[in-house]
Amino acid sequence: MTTFREVLRPTWWMYLIAAFMIPTIIMVMAPINFTLGIVLSIVVYALIVIPMFATSPTITLTETELRVGKAHINREFIGAVSAYSGNYAVAARGPELDARAWIFLRGWINPVVRVDITDPNDPTPYWLFSSRHPEELVAALRAGRKAK
């Protein structure tokens, strides 16, 4: 049973930036064929946006594991968890970052979640990853620990 799920889709302004390709392509193609320019600009926009949307990574928390993108870890190996936002998130991603940590950051999402790893066979001290709802994820991780 899934207790938390979040898809890290690109923010609206990334789609807007991709939309700037439309007038650019139309202007380049207008001297040749204006209609072809419109069609080509729509096709190029779709070729940019569809993969951006379709390949958005997911954070999933179940009763047995935490999955961030393609990585996963059993909940039994999850230690302390914490959420950071604002300047604390900047510090966690920058000066306080351990080089051995596993990171999964998205530049358009400021808050991060830190999950300490307690597996003695894993050299990774913690995971640090982006989340738009870090407090909800931390609460779900802590609730699952208390339920056991």
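Buried here means under 20% relative accessible area. The model on screen is predicted.

**Stop 1: Ser56.** Select Ser56, in the loop between helix H3 (34-54) and E2. Is this residue buried or exposed? Ser56 has 10% relative accessibility, so it counts as buried. Display its side chain: a polar atom there lies 3.0 Å from the backbone oxygen of Met52 and a polar atom lies 3.1 Å from the backbone oxygen of Phe53.

**Stop 2: the largest nonpolar core.** Select Ile59, Leu66, Val115, Trp127, Phe129 and Leu137; of the 21 residues in this core, these touch the most other members. Elements that give two or more residues to the core include strand E2 (58-62), strand E7 (112-117) and helix H5 (134-147). H5 gives the most, with 4 residues. Now centre on Leu137: leaving aside neighbours within four places in sequence, Leu137 is in contact with Phe4, Ile59, Leu61, Val113 and Phe129.

**Stop 3: E3 and E4.** Show these two strands, which run antiparallel and are joined by 4 bridges. Pick Leu66 and find its bridge partner in E4, Ile73. The hairpin has 2 residues between the strands, and Gly69 takes a positive phi near 65°. Finally, show the side chains of E4. In a regular strand, side chains alternate between the two faces of the sheet. In E4, Ala71 and Ile73 make up the covered face, while His72 and Asn74 make up the uncovered one.

How values were computed: Residues numbered from 1 in each chain as written. Predicted model: local features only at pLDDT ≥ 70, side-chain atom pairs only at ≥ 80, totals over all residues. Heavy atoms only, no water. Core = buried A, V, L, I, M, F, W, Y, C linked by side-chain atoms within 4.5 Å. Buried < 20%, exposed > 50% of the residue type's maximum accessible area, 1.4 Å probe, protein only. Contact = heavy atoms within 4.5 Å. Pairing = 2+ DSSP bridges. Polar contact = N/O pair within 3.5 Å; in protein donor to acceptor, adjacent residues only side chain to side chain.
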